[in-house]
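Reader: I would like to learn how to read a model of this kind. Please take the features one by one.

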2 protein chains.
Amino acid sequence: MCPSAAAAAANDTITVPTTEGAVPPEFQAVDSSAATKNGAAAANPQQRNPYASRASDFLSNTSNWKIIESTLREGEQFANAFFDTETKMKIAQALSDFGVEYLEITSPAASEQSYEDCKRICQMGLKSKILTHIRCHMDDARKAVETGVDGVDIVIGTSSFLRKYSHGKDITYIIKSAIEVIEFVKSKGIEVRFSSEDSFRSDLVDLLSIYRAVDKVGVNRVGIADTVGCANPRQVYDLVRTLRGVVSCDIECHFHDDSGCAVANAFCALEAGATHIDTSVLGIGERNGITTLGGLIARMYVVDPEYVKGKYNLAMLREVENLVADAVQVSVPFNNPITGFCAFTHKAGIHAKAILANPSTYEILKPEDFGMSRYIDIGSRLTGWNAVKSRVEQLELDMTDEQVKDVTMKIKELADVRTQSMDDVDTVLRVYHKHVTSGKLGLRQPAVFDQLLAEHKSEAGSEKGDDEPAAKKAKLA
Amino acid sequence: MCPSAAAAAANDTITVPTTEGAVPPEFQAVDSSAATKNGAAAANPQQRNPYASRASDFLSNTSNWKIIESTLREGEQFANAFFDTETKMKIAQALSDFGVEYLEITSPAASEQSYEDCKRICQMGLKSKILTHIRCHMDDARKAVETGVDGVDIVIGTSSFLRKYSHGKDITYIIKSAIEVIEFVKSKGIEVRFSSEDSFRSDLVDLLSIYRAVDKVGVNRVGIADTVGCANPRQVYDLVRTLRGVVSCDIECHFHDDSGCAVANAFCALEAGATHIDTSVLGIGERNGITTLGGLIARMYVVDPEYVKGKYNLAMLREVENLVADAVQVSVPFNNPITGFCAFTHKAGIHAKAILANPSTYEILKPEDFGMSRYIDIGSRLTGWNAVKSRVEQLELDMTDEQVKDVTMKIKELADVRTQSMDDVDTVLRVYHKHVTSGKLGLRQPAVFDQLLAEHKSEAGSEKGDDEPAAKKAKLA
């Protein structure tokens, strides 16, 4: 067995060598400026990446955005999270190495240790800028600026719900106290963001009045937060687009995932002109959390792979996720985008066949860009003869298409009883090839083949009893 | 300790009794027709559910849609899936009891056992209609109709990628063979759907030509499939809205989740006039799968809770998910909407305080509708005095607000070292209350309190040595 086949067998799947040109050039991202420069692309719009932003999306920031990574703030609100200082520093270092533009840290007003930890992370000299997230109070703001952060994120509830059941303040009061805190933070020469909470249940006029007022006093960013996790993509697009016309500062967005839209909402916010997205690793946060770092990366890579690859160390994603998963004692979800254990596994016959011919047919994320591998499972009842043929060629067996179709029927029959490993499939293919070549076996003689396969297995079994490694070697030779 | 407090302590969290009126009437779903009938709601649009569809969304089907549950088809393409007949029947029964309108089953052409299983499920007499999913071939169609299904779902790749690397057929050939298969299935008196594959990378004119042609010959549904999982919400809205103007039949949509948008895309498809959404339990399918059944339920519940509660047995969701998770040997993701272990856990002080005053502040899904419970964690460094005050009241301790704020500082200090369980918090509260009442302890005397707490613990410890249950009982009395 050749080395690559051996490696594949260990995974019970075929590893397809990844090639540079897996995504054909006509499907590479083309942004509107490139389309203008590139006559060919402009002349044939059908050949553009259909997932890239369109020239008509003049507000779109899908190729110009930043991450505010909140694992050390929102993530600390996750049910299982208790980060000691060392863990916080490890996570901060990993995220900075990954390349996120900002790290958001728990308020130094939360507890004595939170204050110390915030200071400590500021002293690490990370590439990422450090922000802390505080209530709209002067006491909190004074503590925040003492820690040495690069910026302060201020938040206050603006919905009728939160105004009634949380802080009980009216809009005039909110604006007045926001301006006091903003001017204080600005006087210290650092960044300041003002965010509403539960923005999608806030009165639109109240909300825009507050944002305009804080924009006028020179806030660096305003924030929209879907605190209850129920906003939907077109609603997000509309609100951000409206806000884009009201303020001149940057726009940050924060989305909870209670109804499964946190990644999509972040994307639509960027399409409407938002500039910063809050994420956490695996989405950890209050309840079932927020936009996941990995999900946002997958989404944005689809639109503009070169931009995403240029900004972030994508091969580190899995390491960062494993670090945080360990720290909060959860497993990486099996269906996680990019790093889920089967994110690049192909099984159905028609998928396997097309992927073997050209990986772009069923894959628009290139696994090698994330340090991942592609696998094709050909031992299930859903397999197809083209997928089997590719394996026959890898094993350098000389068979006609008719013979491959015939042996595929046999693999499906065996897989109806139990899924066949790559080893099982290889044995079937070798035994079939040996006897069809010697003339012992003809086409469509399943009973004869069953007999030959049983004989082979009993021989291999008795050899195995004597000297297992040698027998195995012989069987696979 | 009262029974409810004991139950809460077992979970290290406060269980908040759920009330009928958790979502105030002004935030209940109001659809456009109700708004017309209901003068008050129409006169005060700010008081409508902001997540409900708007009167201007005349295409929206967000209160009129059906599920095509594909765990037994798409789900069988999941890397870990091998369903024997018994498992398939259990899953089919559970999904039918849950209330999904359709079940989609693996093609009977996939293998001999697939054929037998399809027949068997059709004979179960389920409430859900049974569909099977086949390639656009007469051979497959003949096998499908033999099994006794209520309908046949036909699929063929229409993108230039799939036409080149998969089947190699042109559009004229696709239309011709589709019509032949559709007319054959219709002649048997059962439903038929025609779907393209990789619809978002197909040429729009080709796609619409095919759909119009099959609509004219009386197909029941056309299907759009984001086979590579990279479509985005506004793109989906645009394509479905365009298609809605071209065909008069129903529109089904199928979304993969490679870039984290499968639930959001399904929602936008319904907003644009789609009628049927494909789901699988936990989203299992090729690669990292498709729209999750639970995610879609969460999303649609937000828009119109009464409609969703009327159609589906929501309290069964967790059972159905556990059944499938066991069958494919995965864990339910920690961050799963609705059933993730922390989907209704609140931790930050400001969240806990507001949730205690009114659950709608940070929750728009009512946990009791899904047979779930709400938990509030007050033993972390992120806790707040209002959350602690609620626990003080549950324990019937008589303390002033100043005293509650003082003891909250102590809880934060302890939680900086390690997260405090509900038992720990209760002990702190009882010891504090006892000594502050007796006059031994004043406000802001942390050192004195540390001493008193240490004494209490050593007493409790020595009692515990003698007779643990009795000691515990005494401590909690």
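Reader: Which residue just after α11(A) takes a positive phi?

Author: Helices (H or I, at least four residues) and strands (E, at least two) are DSSP runs, numbered from the N terminus. Just after α11(A), the residue with a positive phi is A:Gly273, at about 110°.

Reader: What are the ground rules for the numbering and the values?

Author: Residues are numbered from 1 along each chain as its sequence is written, and chains are lettered from A and ligands numbered from 1 in the order in which they are written. This is a predicted model, where local features need pLDDT of at least 70, side-chain atom pairs count only at pLDDT 80 or more, and totals for chains, interfaces and linings use all residues; side-chain values use heavy atoms, with hydrogens and water left out.

Reader: What is the mean pLDDT of chain A, and where does pLDDT stay under 50?

Author: pLDDT is the predictor's confidence in each residue, from 0 to 100. Chain A has a mean of 86, with 86% of its residues at 70 or more. Residues 1–46 of chain A stay under 50, and the model has 73 contacts (heavy atoms within 4.5 Å) for them beyond four places in sequence. Residues 464–477 of chain A are also below 50. For the complex, the predictor gives an ipTM of 0.84 and a pTM of 0.84.

Reader: Why is α11(A) described as largely enclosed by the rest of the structure?

Author: Buried means under 20% relative accessible area, exposed over 50%, partly exposed in between (1.4 Å probe, protein chains only). Ten of the ten residues of α11(A) are buried, so the helix is largely enclosed. Among them are A:Phe267, A:Cys268 and A:Glu271.

Reader: Is A:Arg234 buried or exposed, and what does its side chain contact?

Author: A:Arg234, in helix α10 (residues 233–244) of chain A, is buried, with a relative accessible area of 14%. A polar contact is a pair of N or O atoms within 3.5 Å; within protein, one must be able to donate a hydrogen and the other to accept it, and residues adjacent in sequence count only if both atoms are side-chain atoms. The side chain of A:Arg234 makes one with the side chain of B:Tyr237, at 3.3 Å.

Reader: Where does B:Ser177 lie?

Author: B:Ser177 belongs to helix α8 (residues 171–187) of chain B. B:Ser177 is buried, at a relative accessible area of 10%. Its C-alpha atom is separated by 7.4 Å from that of B:His137, 40 residues apart along the chain.
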